[in-house]
Amino acid sequence: TAATQQMNTAALSPAIKSLNYLNNIMAKVDGQLHGAEESVMLNSEGYVAECSGDNIFVIKKGRILTPPIAAGALDGITRGCAMKLCDTMGNSVKEVQLQRYDLFVADEIFLTGTGAEIIPVVEVDKRVIGDGTPGPFTRDLISRFRDLTQSSGTPIYV
């Protein structure tokens with residue numbers, strides 16, 4: 001978890017893609033200094049907002065939870081796609097305020113982002129998530145996401 005807080009939504013709405021990523025960059029550097037590939041960012045109220053470059057989802061007892069946009073999360077395209085895929089898998093995503101504790105006791109955690117797509121999280125702040133390996137729901141979601149990206153969208157030829 002980064003020491004750098006997410007930008008206060010009263011100062012800059014997360015719905016505005018302003019390209020002002022200084023806080024996110026500082027959080028990423030903070031995580032790297034502690035040996036982490038990604039950093040969890042809290043908002044000014046201490047709730048989980050997002051990660052430095054990805055949205056975050058928690059699975060606990062079959063429920064899939066993610067911070068609401070009002071907490072400071074970016075309403076990303078991959079986030080929305082993952083939410084729709086979860087629905088098709090019979091598990092609706094609930095947007096709720098999450099605390100760090102919710103991450104520590106999660107059965108599974110996954111992140112979504114344009115570059116990362118969908119990636120599992122197996123450790124947060126030196127605490128093992130689940131059994132320390134990507135969980136079954138996350139593995140299935142990754143497979144379905146890859147199938148979707150191979151069968152739809154606009155091809156880019158280089």
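Analyst: In this predicted model, the sulfur of C86 lies 9.7 Å from the closest cysteine sulfur, which belongs to C81, and that distance is too far for a bond. The cut-off that matters here is 2.5 Å between the two sulfur atoms, because a disulfide is a covalent bond between the sulfur atoms of two cysteines. C86 is also buried, its relative accessible area being 0%.

The structure as a whole holds zero disulfides. C51 accordingly takes part in none, and the nearest cysteine sulfur to it, that of C86, is 16 Å away. Like C86, which has a relative accessible area of 0%, C51 is buried, with a value of 2%.

Turning to the sheet, five strands make up an open arrangement with mixed pairing, and their order is β5-β4-β3-β6-β7. The edges are taken by β5, residues 93-95, and β7, residues 117-121, each of which has a single partner strand, so that one side of each is left without a neighbour in the sheet. From one strand to the next, the twist averages 30°.

In general, strands of a sheet pair through backbone hydrogen bonds, in either a parallel or an antiparallel manner.

Terms used: Residues numbered from 1 in each chain as written. Predicted model: local features only at pLDDT ≥ 70, side-chain atom pairs only at ≥ 80, totals over all residues. Heavy atoms only, no water. Pairing = 2+ DSSP bridges. Helix = DSSP H or I, 4+ residues; strand = E, 2+ residues; numbered from the N terminus. Axes fitted to C-alpha atoms, helices over the stretch in contact; angles between N-to-C directions. Buried < 20%, exposed > 50% of the residue type's maximum accessible area, 1.4 Å probe, protein only.
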